[in-house]
Amino acid sequence: MKELRVCARAGVASVALLAVSVLSASAQGAGPDISGIYWATQYNAKVQIVGGGELPFTPAGKAAYDKNIAGLKDGSISDDARKFCVPDGPVRVLATPYPFEIVQAPPGQITILYELNHQIRVIRMDKPLPKYEDLVAYPSFNGYSVGRFDGDTLIVETGGFKEKTYLDATGAPHTDELTTVERIRKISPTQLEIVITVKDPDYYTREWQARFVYNLRNDLRIEDYLCGEPHRDISSIPGVRRP
């Protein structure tokens, strides 16, 4: 009995230490738990901007968009994200009709794993975004992201994108001056919201926003995704069109 009482006291002590650790992490600004597997509530091939209307193109942006639309239609321009399974890039990655997983690890980092094209995004926490000249020196498909928590919201700033990606499946263009700010938060115990603000002065006359909502689906697991092979059935997602 004495041994049982000792074990019980040890168990209580462990629980207390765990509670202290959780409270300490919260006090240090670790932020709320947004980890989990999420799946879109809606898919749109064309990005839907907050407030409605068309994308606010500059003349140069409209010319680039018209060129992309014509090229994608006649085959003179390749949609590499679908043809070669390269990453979708900014904004378009948020419209994915496939599940993705948010992992709040390793320490000092949040990692997002997308099933579509097996994309990986790394968000470096509590660090400043590098200067523009440093970002464009080493551009990448999903850019360089830094994040911080503001209350219940994860704020992610990103720059340093490759110009070759599109902002949506219709070919909305961007330049290497593109920067984005995402506000990621739980809007209920089972739903996640991401509102992204897009700034690209060469191609857009003003900043604009798009909003995405996802259901928490921890009953799922991220599956393999290979070009040219059958994938998960996504026909249940509103807006997805099947051949």
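**Notes on the predicted model**

1. The structure, which is a predicted model, holds 1 disulfide. The two partners are Cys 85 and Cys 227, with a sulfur-to-sulfur distance of 1.8 Å. About their S-S bond the torsion is about 125°, so the disulfide is right-handed.

2. Where in the chain do the two cysteines of this pair lie? Cys 85 is in the loop between helix H3 (80-83) and strand E2 (100-103), whereas Cys 227 belongs to the segment after strand E9 (208-216).

3. The backbone at Cys 85 deserves a separate remark. Its phi is near 60°, a positive value in a residue other than glycine. Most residues other than glycine have a negative phi. His 118 is a further non-glycine residue with a positive phi, here about 50°. His 118 is placed in the loop between E3 and strand E4 (119-125), and its relative accessible area of 40% makes it partly exposed.

4. Ala 105 and Pro 106 are joined by a cis peptide bond, with omega at about -5°. Most peptide bonds are trans. Pro 106 sits in the loop between E2 and strand E3 (109-114).

5. How many strands make up the closed barrel? There are 9 strands, in the order E1-E2-E3-E4-E5-E6-E7-E8-E9, and their pairing is mixed. From one strand to the next, the twist averages 30°. Strands of a sheet pair through backbone hydrogen bonds, either parallel or antiparallel.

6. Two of the pairings involve E9. Strand E1 (residues 36-40) runs antiparallel to E9, and 3 bridges hold the pairing; in it, Tyr 38 stands opposite Leu 216 of E9. Strand E8 (residues 191-199) is likewise antiparallel to E9, with 8 bridges between them. In this second pairing Leu 192 faces Tyr 214 of E9 as its opposite residue.

7. A further antiparallel pairing joins strand E5 (residues 144-150) to strand E6 (residues 153-159), over 7 bridges. Within this pairing, Phe 149 has Leu 154 in E6 as its bridge partner.

8. Across the whole structure, 1 cavity of 30 Å³ or more is found. The largest cavity holds about 70 Å³ of space.

9. Which residues line the largest cavity? The lining consists of Gly 89, Pro 90, Val 91, Val 93, Leu 94, Arg 121, Asn 142, Thr 158, Phe 161, Thr 180, Glu 182 and Ile 196. By class, these lining residues divide into 6 nonpolar, 4 polar and 2 charged.

Terms used
Residues are numbered from 1 along each chain as its sequence is written. This is a predicted model: local features need pLDDT of at least 70, side-chain atom pairs count only at pLDDT 80 or more; totals for chains, interfaces and linings use all residues. Side-chain values use heavy atoms; hydrogens and water are left out. On a 1 Å grid over the protein atoms alone, a cavity is a set of points where a 1.4 Å probe fits but cannot get out, and a pocket is an open set with protein on both sides within 12 Å along at least five of seven lines; lining residues have an atom within 4 Å of a point. Grid points are joined across faces, edges and corners, and a volume is the space filled by probe spheres set on the points. Ala, Val, Leu, Ile, Met, Phe, Trp, Tyr, Cys and Pro count as nonpolar, Asp, Glu, Lys and Arg as charged, and the others, Gly among them, as polar. A disulfide is a pair of cysteine sulfur atoms within 2.5 Å. Helices (H or I, at least four residues) and strands (E, at least two) are DSSP runs, numbered from the N terminus. Two strands pair if DSSP finds at least two bridges between them. Axes are lines fitted to C-alpha atoms, for helices over the stretch in contact, and angles run from 0 to 180 degrees between N-to-C directions. Buried means under 20% relative accessible area, exposed over 50%, partly exposed in between (1.4 Å probe, protein chains only).
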